[in-house]
Amino acid sequence: MDRSLLAGGLAVLTLAFAIQPGLAQGAGKKVNSDWPCQQILVRTISVPAVWTGPGIEGIDWQSDSKLVDLTDKLAARRLPLEQAQQQITDFAKTLGADKTSKLTALFAGLYHKLNNERTQIIDGLDRFGQKQKDLGDRLREETAALHEAQDKAGGAPLPDLKDKSGPQTAPGPEASILEKLQWDLRIFQDRHNAVTFACESPVLIEQRLFALARTIQENLN
């Protein structure tokens, strides 16, 4: 086995579980212990955190097809934020006496769509975190089993699974454990590296909603 992989993988394993908070730092609130991200887990965007305009409770924004279409366009992150903000300004210029109600309904739609999208991503990260935690537990068990097998073998060095030179003998129990540990470490490390971008997504969505809400509020006046 590649010793650097074993050492590096175990280091990632240690780091990954060290950064999973049991408490939200500075918040004093319990969070999901399976949460795989360094960012504090906040499940729902609070309306007052992004909006200081009229209340949105009970607004039926979905009854206006044009408003629904605009909401879909603005919520899509493939549309650059600057273009989305310009579309809001252009839309506001077409409104008359109903400007306040239309723009408030627009925010209600954006809040609904972006908050739901963010919640779906967080739910997916929760599931990922549980799988990663389960795999981490298995890696700890495999590491303990490897140490036990080494002790029984009299402290012999780890077999090199890549070394095919010289006479080949039947692998001892530590070799099969080591091979399984190597495979699981690769999976754990690949998952750990891949989740970084996904962990940023809830923050990016919240930032987008805040920026769009600010532009809507600027056009209320």
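Predicted model: local features only at pLDDT ≥ 70, side-chain atom pairs only at ≥ 80, totals over all residues.
Trainee: What makes Cys-37 and Cys-199 a disulfide?

Mentor: The sulfur atoms of Cys-37 and Cys-199 are 2.0 Å apart, and a pair of cysteine sulfur atoms counts as a disulfide within 2.5 Å, so this pair meets the definition. The structure holds one disulfide.

Trainee: Why is the disulfide of Cys-37 and Cys-199 called left-handed?

Mentor: The torsion about its S-S bond is about -80°, and therefore the disulfide is described as left-handed.

Trainee: Which residues touch the most other members of the largest nonpolar core?

Mentor: They are Leu-74, Leu-106 and Phe-107, in a core of 29 residues. Two or more residues of this core come from each of helix H3 (65-75), helix H4 (81-93), helix H5 (99-152) and H6, and H5 gives the most, with eight residues.

Trainee: What is Phe-107 in contact with, leaving aside its neighbours within four places in sequence?

Mentor: Phe-107 is in contact with Val-47, Val-50, Trp-51, Ile-56, Leu-209, Ala-213 and Ile-216, where contact requires heavy atoms within 4.5 Å.

Trainee: Which residues are found in the other core, the one that lies apart?

Mentor: That core has nine residues, including Leu-135, Leu-146, Leu-178 and Leu-185.

Definitions and conventions. Residues numbered from 1 in each chain as written. Heavy atoms only, no water. Core = buried A, V, L, I, M, F, W, Y, C linked by side-chain atoms within 4.5 Å. Buried < 20%, exposed > 50% of the residue type's maximum accessible area, 1.4 Å probe, protein only. Helix = DSSP H or I, 4+ residues; strand = E, 2+ residues; numbered from the N terminus.
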